[in-house]
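User: Could you take a close look at the charged side-chain pairs in this model and walk me through them?

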Amino acid sequence: MALKALLGLSQAQLETWAKDQGLPPFRGRQLHDWLYAKGARHWHDITVLPAALRQQEPLPLGRSNELERHLAQDGTLKLLLATDDGLSLETVGIPTRDRLTVCVSSQVGCPMACRFCATGKEGLQRSLEPHEIVDQVLTVREVMQRRPSHVVFMGMGEPLLNSDHVLTAIDCLSRDLGMAMRQITVSTVGVPNTLPRLAELALERLGRAQFTLAVSLHAPDQALREELIPTARAYPYEQLLEDCRHYVAISGRRVSFEYILLGNLNDSPRQAQALAEQVRGFQSHVNLIPYNPIAEEEFQRPEPARVDAFAAALKQRGVAVSVRASRGLDQNAACGQLRRQRKGGR
Ligand code: SAH
């Protein structure tokens, strides 16, 4: 397969590339330093290279162009970035005192069509290349002038439909940007026949599967899950949980679960009890996400008291639980909204 960009390559791969260009290997080491440590955007930025090479630009570095930048009151940064072929994607930087989490997209659009999700309303354009994923982290670092500590694949797209490129990007983030793999989370709504395979691929390719897998459950039973997530029809609840167990066995890591809370739909104490039974045995963590309203749907944001009661009911049954704080609500926090707005909300 033809190489599309330099970003995403390791130092050894950059040295090989340099050699193939008839350059001494140390040019590869310089490129590595400028791409990752210095965050070069253009060939002409890399002043240590000979002028002829900088002008020649033998291959794209792999950086995106910024289309829009929104900074919310609480410091959350939302970026709309453009790919080389003119598509746009969203990336979010979420700062706290001791963390900077980058929420990256793995695809432009998404084919999963979950009913509550803005991205799902427009289908899939294409999967992202490894450099397009790594670029999002570098861009947030540059704009916020701070090193990201965590990366979550919770932006646009379904990462398990792009496992290969997602793993390459994770490899690069840990190897070349020095991020701890444990601080990287891959979130999936579940794609049949991909979960145990992801752990196997990670072991084969990276030698470890130390990133965290988060599975979006969103309902305590198959019937309601299918209503919210049409693709769940092809993936029975029990099979999904079985694949999670299999994933744990192969990777040696716990999985965590995500559960969107939709007012008066999946947020009752009885449903919390049913959920606790489903995840029992996983010694797992459930992350509750109060619904961020999107234009196309009538779902309700849950009452804060219902959120607390749901969390308490899980805790009571021994399930570790956290509630995701909604950050940047004034800037269209729900993923995919910024992009849809720009396109006229079609
Ligand atoms: N496709 C993957 C990752 C992207 S979405 C997945 O489904 O897990 C990341 C998380 O945000 C998922 O749990 C998703 O269900 C949730 N999400 C999507 N739209 C949302 C909305 N409007 N409000 C709250 N959470 C939402």
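Analyst: Happy to! A residue is called buried under 20% relative accessible area, exposed over 50%, and partly exposed in between. Arg115 has 31% relative accessibility, so Arg115 counts as partly exposed. Please keep in mind that this is a predicted model.

Arg115 forms a salt bridge with Glu297, and their closest N and O atoms are 3.8 Å apart. Arg115 lies in the loop between β5 (107–109) and β6 (124–127), while Glu297 is in the loop between β11 and α10 (304–316), so this contact ties together parts that are 182 residues apart in sequence. Glu297 is buried, because its relative accessible area is 19% and the limit for buried is under 20%.

Let's turn to the helices. Asp164 and Arg205 meet in a salt bridge at 2.4 Å, N to O. This pair also links distant parts of the chain, with Asp164 in helix α5 (residues 163–175) and Arg205 in helix α6 (residues 195–206), 41 residues apart. Asp164 is partly exposed at a relative accessible area of 40%, and Arg205 is partly exposed at 34%.

Helix α6 also holds both Arg197 and Glu200, three residues apart, about one turn of the helix. These two form a salt bridge, with the closest N and O atoms 3.0 Å apart. Arg197 is partly exposed, with a relative accessible area of 38%, and Glu200 is partly exposed, with 33%. Elsewhere, salt bridges that share partners join Arg41, Arg63, Asp135 and Glu142 into one network. The count for the model comes to 22 salt bridges.

How values were computed. Residues are numbered from 1 along each chain as its sequence is written. This is a predicted model: local features need pLDDT of at least 70, side-chain atom pairs count only at pLDDT 80 or more; totals for chains, interfaces and linings use all residues. Side-chain values use heavy atoms; hydrogens and water are left out. A salt bridge is a side-chain nitrogen of Lys or Arg within 4 Å of a carboxyl oxygen of Asp or Glu. Helices (H or I, at least four residues) and strands (E, at least two) are DSSP runs, numbered from the N terminus. Buried means under 20% relative accessible area, exposed over 50%, partly exposed in between (1.4 Å probe, protein chains only).
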